[in-house]
Amino acid sequence: MPDHLLHVAAAGFESACRIDVLPEGHRSRRLHGHSFLAKVRARLPQGWASFPGGEVDDLRARLSEAIAPLDYALLNERVAHPTDENLARWIRGRLAAAGRGVPGLEQVGIQSTLHSGVDLDAKDHAHVWRRYVFEAAHQLTGVPAGHKCGRMHGHGFEVILHADQDLGARDLGIDYDHLDACWAPIHAQFHHACLNDIPGLENPTSEIIGAWIWERLKPRLPELSWVTVYETATCGAHYDGRHYRIWKELSLDSSLRLRRAPEGDPRRRIHGHTYNLRLHLCAPLDEVRGWTVDFGDVKALFDPIFRDLDHQPLHELQGVEDNDPASLAKWIRDRALPALPALDRIDLYETRGSGAILSWGEEGPALPV
Ligand SMILES: Nc1nc2c(c(=O)[nH]1)N=C([C@H](O)[C@H](O)COP(=O)(O)OP(=O)(O)OP(=O)(O)O)CN2
């Protein structure tokens with residue numbers, strides 16, 4: 001599949017709102033507030049940014065301009081019914097507005113809390129997601145002898161339910177409360193349990209947990225598009241009824257310079273970021289192990305490349321066009337693919353939610369930032 005390169009940016013705003021399209025008595029009809037995060041994904045044409053390598057900063061600047069009227073405002077004075085869906089629509093309208101419009105907009109999202117949000121795509125599909133937490137024990141029964149996950153241990157697991165729905169002109173997609181109601185019986189079974197004791201979860205890898213949840217929820221929730229299981233804060237699996245995808249996240253502390261920034265621009269100086277790198281892999285399930293690729297193997301196989309990047313001056317790295325996230329993601333892809341042939345997507349964020357996504361397979365769901 002050809003490369004699909006997206007530039008992504010995020011920016012926050014603090015606002016109050018009342019959601020009066022919800023049923024009488026719903027808590028969100030009352031005046032309340034959120035620290036919202038707006039997110040944009042765009043396929044930017046070459047030459048769009050003020051200089052090569054400046055795409056992420058320019059995109060974030062446009063997003064910040066677009067959301068400025070929402071910050072410290074009562075949203076109902078700006079957007080008729082400020083649901084997450086309508087906020088995303090409103091921001092998309094401002095981003096696309098004639099003149100200085102952002103080209104190639106693929107998705108505009110709103111994260112209204114750390115646990116819920118909506119991503120609106122170019123075809124007006126609302127990708128509604130909601131995150132749940134459960135505390136449980138498990139032991140993997142198909143791992144090689146001596147593997148740490150073969151011992152009984154536990155996690156603060158997290159699950160994200162993703163629903164995809166053609167929104168049309170509606171103010172609301174799938175209601176978060178409906179997702180909560182679908183999740184509640186599973187939470188009752190999983191929370192404070194040993195997952196191995198649950199029928200069908202005798203070998204509860206993240207992949208198998210995701211598929212188990214999918215089988216039970218899909219009949220009740222036809223819009224369900226993916227189930228995501230976070231096993232730890234840095235790794236997990238997605239399932240959509242057909243594909244297993246996993247990711248492993250790593251943090252890189254590195255310096256850079258944007259050599260093509262204009263004269264006098266501080267980004268020409270050596271500076272730095274704590275990058276968040278997510279490696280995504282898609283592979284069939286290994287029926288013996290119960291997983292696709294071991295998260296630990298992904299980390300170990302990537303380690304030589306990690307060592308070239310972490311606590312390193314990226315501006316001295318050979319073969320990187322610019323030090324921007326898109327150039328770095330391509331550099332990483334070229335080096336990592338021989339060791340990780342199932343790798344099909346790299347997310348590289350230089351700050352929270354801002355960076356590049358390079359994929360060359362099916363993309364999988366968006367994760368909260
Ligand atoms: N593809 C899968 N790989 C692994 C699974 C799994 O379900 N699917 N599960 C495990 C273990 O149960 C384990 O608890 C995860 O551990 P680990 O890979 O070490 O993840 P960490 O986040 O703890 O790793 P760091 O070393 O802190 O980065 C193993 N693999």
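**Ligand shell**

I began with the ligand and asked which element gives the largest share of the shell around it; H5 does, with three residues. I note that this is a predicted model.

Next I looked up which residues come nearest. Of the 18 residues around the ligand, these are Cys149, Thr205, Thr232, Trp291 and Phe295.

I then sorted the shell by class. I got eight nonpolar, six polar and four charged residues.

Where does the shell lie relative to domain 2 and domain 3? I found that domain 2 (127-242) and domain 3 (249-369) both contribute residues, so the shell lies between them.

**Strand E1 and its partners**

I moved on to E1, residues 4-17, and looked up its pairings one by one.

- With E2 (residues 32-42), I found antiparallel pairing over 11 bridges. Here Ala10 stands opposite Lys39.
- With E14 (residues 354-359), the sense is again antiparallel, over five bridges. I traced His7 to its bridge partner in E14, Ala356.
- With E3 (residues 73-74), E1 runs parallel, and two bridges join them. I noted Ser15 opposite Ala73 in E3.

Methods: Residues are numbered from 1 along each chain as its sequence is written. This is a predicted model: local features need pLDDT of at least 70, side-chain atom pairs count only at pLDDT 80 or more; totals for chains, interfaces and linings use all residues. A residue is near a molecule or strand if its C-beta atom, placed from the backbone, lies within 6 Å of it. Helices (H or I, at least four residues) and strands (E, at least two) are DSSP runs, numbered from the N terminus. Ala, Val, Leu, Ile, Met, Phe, Trp, Tyr, Cys and Pro count as nonpolar, Asp, Glu, Lys and Arg as charged, and the others, Gly among them, as polar. Domain bounds come from an automatic or database domain assignment. Two strands pair if DSSP finds at least two bridges between them.
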